[in-house]
Amino acid sequence: MPSIEFRSMDEEDLHALVAWYHEPHVRAWFRDPPADVTAAQVRYGGRLRGEEPARMWVASLEGAPFATVQDYPVDSDDDLAVRVQLPSAVAFDYLIGDPAQVGRGLGARMLTVFLRDVALPGHPDATWFVACPDARNVASLRVLDKLGFVQRQWIQMPGEEYAQIVCRASRDDLARTVTDG
Ligand SMILES: CC(C)(COP(=O)(O)OP(=O)(O)OC[C@H]1O[C@@H](n2cnc3c(N)ncnc32)[C@H](O)[C@@H]1OP(=O)(O)O)[C@@H](O)C(=O)NCCC(=O)NCCS
């Protein structure tokens, strides 16, 4: 089975990141992509330098970058924290940017590796992990379901047109799922 690995994103990845955000299958779910690398440097530079709570990661398949995930403490975002209502939770967002790698079951495998290798060891005090897909994003909700995430409340974030569903999994459950799976 081809191997998936994660590493920290750096400035040199921003070209790929911008291209991924502009792919039609990604734009369907992420509004307002950075227009170009300069705009991405402004928006993400603080995160890449470790000056902000969110951390950004690149996933590679057999050494070829194909996806990205970012994670952040829920309480670093007041609007999210008041809606998620889980102390000590870490949220994560993800996308498979390379269109050739979408629809092949890689989403669940990628997130299994992310949770096992990055999120669980990187947030030792987090008791919950959450992702909040757009309620219409069936593929994303299905991927989370396969990893044992439970759909809870629907939330409406400021400025967003569509509702999102808070999907959550406890640290203990995930530790079993991602190491067994
Ligand atoms: C969402 C995403 C991570 C899913 O990963 P993926 O590997 O492409 O997922 P798959 O296409 O293999 O589908 C996952 C599951 O959803 C199901 N699915 C996908 N589209 C579906 C649809 N329209 N209706 C019903 N089920 C659907 C698949 O059948 C599969 O289920 P199965 O494994 O039980 O057969 C990936 O498509 C992606 O990054 N998309 C663009 C950005 C995005 O949406 N990010 C998530 C934001 S929260």
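Mentor: Start with Tyr 94: one of its backbone N or O atoms sits 2.9 Å from a nitrogen atom of the ligand. Bear in mind that this is a predicted model, so treat that distance as computed from the prediction. Gly 105 also uses its backbone, with an N or O atom 2.8 Å from an oxygen atom of the ligand. Asn 137 comes in through its side chain instead, where an N or O atom is 2.8 Å from a ligand oxygen. As for cover, the ligand on its own has 940 Å² of accessible area, and the protein covers 68% of that.

Now widen the view to the whole shell. It has 20 residues, and the closest are Ile 96, Gly 103, Gly 107, Arg 142 and Lys 146. Sorted by class, you get 11 nonpolar residues, six polar and three charged. Where do they come from? Strand 4 (89-96), helix 5 (106-122) and helix 6 (138-146) each give at least two residues to the shell. Helix 6 has the largest share, with six residues.

Strand 4 runs antiparallel to strand 3 (residues 64-73), and seven bridges join the two. In general, the strands of a sheet pair through backbone hydrogen bonds, parallel or antiparallel.

The sheet is an open one of seven strands with mixed pairing, and the order reads 1-2-3-4-5-7-6. At its edges are strand 1 (4-8) and strand 6 (150-155), each of which pairs on one side only. If you ignore direction, neighbouring strands are turned by 30° against each other on average.

Finally, zoom out to the chain. It has seven helices and seven strands, and along the sequence they follow the pattern β-α-α-α-β-β-α-β-α-β-α-β-β-α. The C-alpha trace spans about 40 × 35 × 30 Å along its principal axes. A compact globule of 181 residues would have a radius of gyration near 16 Å, so the chain's 15 Å agrees with that.

Conventions:
Residues numbered from 1 in each chain as written. Predicted model: local features only at pLDDT ≥ 70, side-chain atom pairs only at ≥ 80, totals over all residues. Heavy atoms only, no water. Near = heavy atom within 4 Å. Polar contact = N/O pair within 3.5 Å; in protein donor to acceptor, adjacent residues only side chain to side chain. Areas by Shrake-Rupley, 256 points an atom, 1.4 Å probe, with all protein chains shown as cover. Helix = DSSP H or I, 4+ residues; strand = E, 2+ residues; numbered from the N terminus. Nonpolar A, V, L, I, M, F, W, Y, C, P; charged D, E, K, R; others polar. Pairing = 2+ DSSP bridges. Axes fitted to C-alpha atoms, helices over the stretch in contact; angles between N-to-C directions. Rg over C-alpha atoms; globule rule 2.2 N^0.38 Å.
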